[in-house]
Amino acid sequence: MLDGASALVRQHFDADFRVDAIPLDDAKTGAAIAAGDTCGVFQCESSGAQRTLRQLQAHSVADLAAANAFFKPGPATGGMAAAFIRRYRGEEQAAYLHPALEPILRPTQGVLLYQEQILRVAREIAGLSWAEADHLRRGMSKFRAYEMETMRARFVEGCMRPAPAGPAFEQNQADTLWEQIKAFAGYGFNQGHATAYADVSYRSAYIKEHWPAAFLAARLANYGGFHHPAIYMAEAVRLNIAVRPPHINQSDRHFTLRFAEVADGEAKPVLWMGLGQVKSLRRNAVQSIIGERNKEPFTSLRDLLGRVELQQKEVTHLIQCGALDGLAANRATLLAEANDLQGRGGHSAQQMTFAFIEYSAPDETSAQRLAWEQRILGQPVSVHPLELMNLEGETFTSLKEAQSEVGRPCRLAATRLPGWTDGKGFFISDGQSFAIAQGHAPLPRPRAWEPLLLSGRWRSDEWGGGWFQVEQLEKTEKEGNDQQIAQIFQIFVLIVAKICAIC
């Protein structure tokens with residue numbers, strides 16, 4: 001993913017960019033990490049990981065390494081989680097169970113965080129052999145009862161060895177340290193592993209902060225990451241990056257970054273879905289489309305069929321998902337033309353014979369486009385499901401507005417996004433932003449993309465994270481029945497094609 005993002009940065013923004021030259025003290029990147037604004041960033045995407053970044057106010061690679069290690073079950077369940085957060089934030093002085101632990105635990109504020117510290121405690125404090133220390137590091141979940149008791153006795157006895165041979169722990173200190181080791185061992189990172197991961201995380205965050213379109217294009221081209229691709233597409237929309245269905249004149253095989261001119265002359269990034277995401281489109285057909293398109297853009301359906309050998313289903317799917325948008329008045333007209341041309345054999349000689357025929361059909365409905373895209377691409381792209389809801393006479397708050405007015409009762413219109421939050425609730429989107437929705441009790445899980453009416457209020461925790469607290473959830477049916485509309489519309493298109501052929 002980093003390689004793909006780097007190539008896009010060099011292609012579109014900075015020809016000299018190199019991942020290994022990224023500065024590791026960038027203020028913008030540090031601020032984003034501390035805020036948990038890390039959707040798409042390696043090892044930092046889950047709601048729990050984002051909360052940890054906010055708790056620790058992580059800014060640097062060292063902070064990310066600590067966050068990676070702290071998020072593991074060992075440190076989190078060792079009884080020192082709250083103390084570590086306060087100490088890491090500078091809100092509490094580091095304290096040590098015994099002075100002998102300070103040289104080992106000083107870098108981590110007196111808290112066991114890395115596996116290397118387990119080894120040092122076992123060796124330097126408890127006096128165990130390297131073999132025993134490594135056995136302890138690996139974890140005690142598979143120890144038999146007598147093995148556990150034997151190890152506990154060896155550890156406690158070693159900690160209580162009198163000075164100068166030992167650290168001279170009190171019984172209660174030795175017992176407490178054992179319980180911390182017992183909770184941690186087998187469930188923590190080693191520091192080298194955590195730091196290597198953190199380095200990748202930081203460089204990912206840097207690219208996202210400075211070139212978000214290149215970053216998200218590369219993330220989506222690699223089939224997403226921790227989240228469903230729909231979440232990264234929603235993140236692009238949140239960052240004002242347009243997302244479009246595949247197109248024969250724009251898309252490569254995978255997600256593709258292009259730029260479109262806007263009214264003021266500024267080029268805006270656009271993420272085009274890849275042709276490889278069109279259902280039933282063969283790999284060699286994708287290659288042929290791209291090869292021909294690179295010679296000269298396609299100008300019409302006849303042009304496409306004259307230059308690329310396509311099966312009837314492939315042509316239909318390309319039209320229905322929007323891959324020929326702009327080459328005729330609408331998708332319905334393209335379908336009518338395709339049905340007629342392919343009924344005549346569909347290739348260049350016959351196309352030229354009937355080149356004088358002009359096809360026309362009324363615009364397809366938004367419901368029809370949504371149904372087509374959902375079936376062929378796996379999700380709607382050019383139409384948001386909320387556009388099909390009859391919401392006249394009702395006033396709704398946007399997600400952005402709700403987030404700015406914590407605790408105020410409000411009503412949202414949203415859809416459920418596919419994917420897992422790594423915790424409670426599910427993702428919702430209003431077409432402009434997205435967030436997690438939770439209930440006081442577990443909420444029923446709606447279908448992906450199902451339109452919802454949600455009453456509740458925005459809640460936030462002490463670390464700056466937030467979610468929409470649902471107090472009432474209503475499901476609402478889209479206007480009409482998509483499947484019935486699809487069947488009627490297909491019949492209509494066939495009739496139009498026959499009339500054109502007769503005329």
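This is a predicted model: local features need pLDDT of at least 70, side-chain atom pairs count only at pLDDT 80 or more; totals for chains, interfaces and linings use all residues.
Numbering runs from 1 along each chain as its sequence is written, and side-chain values use heavy atoms, with hydrogens and water left out.

**Gln50**
- You'll find Gln50 in helix α3; helices (H or I, at least four residues) and strands (E, at least two) are DSSP runs, numbered from the N terminus.
- Gln50 counts as buried because its relative accessibility is 16%, and buried means under 20% relative accessible area (1.4 Å probe, protein chains only).
- Setting aside neighbours within four places in sequence, Gln50 is in contact with Gly36, Thr38, Cys39, Cys44 and Glu45, with contact meaning heavy atoms within 4.5 Å.

**Largest pocket**
- The largest pocket holds about 880 Å³ of space; a pocket is an open set of points on a 1 Å grid over the protein atoms alone, where a 1.4 Å probe fits, with protein on both sides within 12 Å along at least five of seven lines.
- That volume is the space filled by probe spheres set on the points, which are joined across faces, edges and corners.
- Its lining has 35 residues, and Gln50, Arg54, Ile436, Gly465 and Gly466 are the closest to the centre; lining residues have an atom within 4 Å of a point.
- Helix α3 gives the most to this lining, with five residues.
- The lining splits into 10 nonpolar, 15 polar and 10 charged residues; Ala, Val, Leu, Ile, Met, Phe, Trp, Tyr, Cys and Pro count as nonpolar, Asp, Glu, Lys and Arg as charged, and the others, Gly among them, as polar.

**Second largest pocket**
- About 470 Å³ of space lies in the second largest pocket.
- Of its 23 lining residues, Val237, Val243, Val381, His384 and Gly431 lie nearest the centre.
- Helix α14 supplies the largest share of this lining, four residues.
- By class, the lining of the second largest pocket has 13 nonpolar, eight polar and two charged residues.

**Whole chain**
- The chain has 22 helices and eight strands.
- Of its 503 residues, 50% count as buried.
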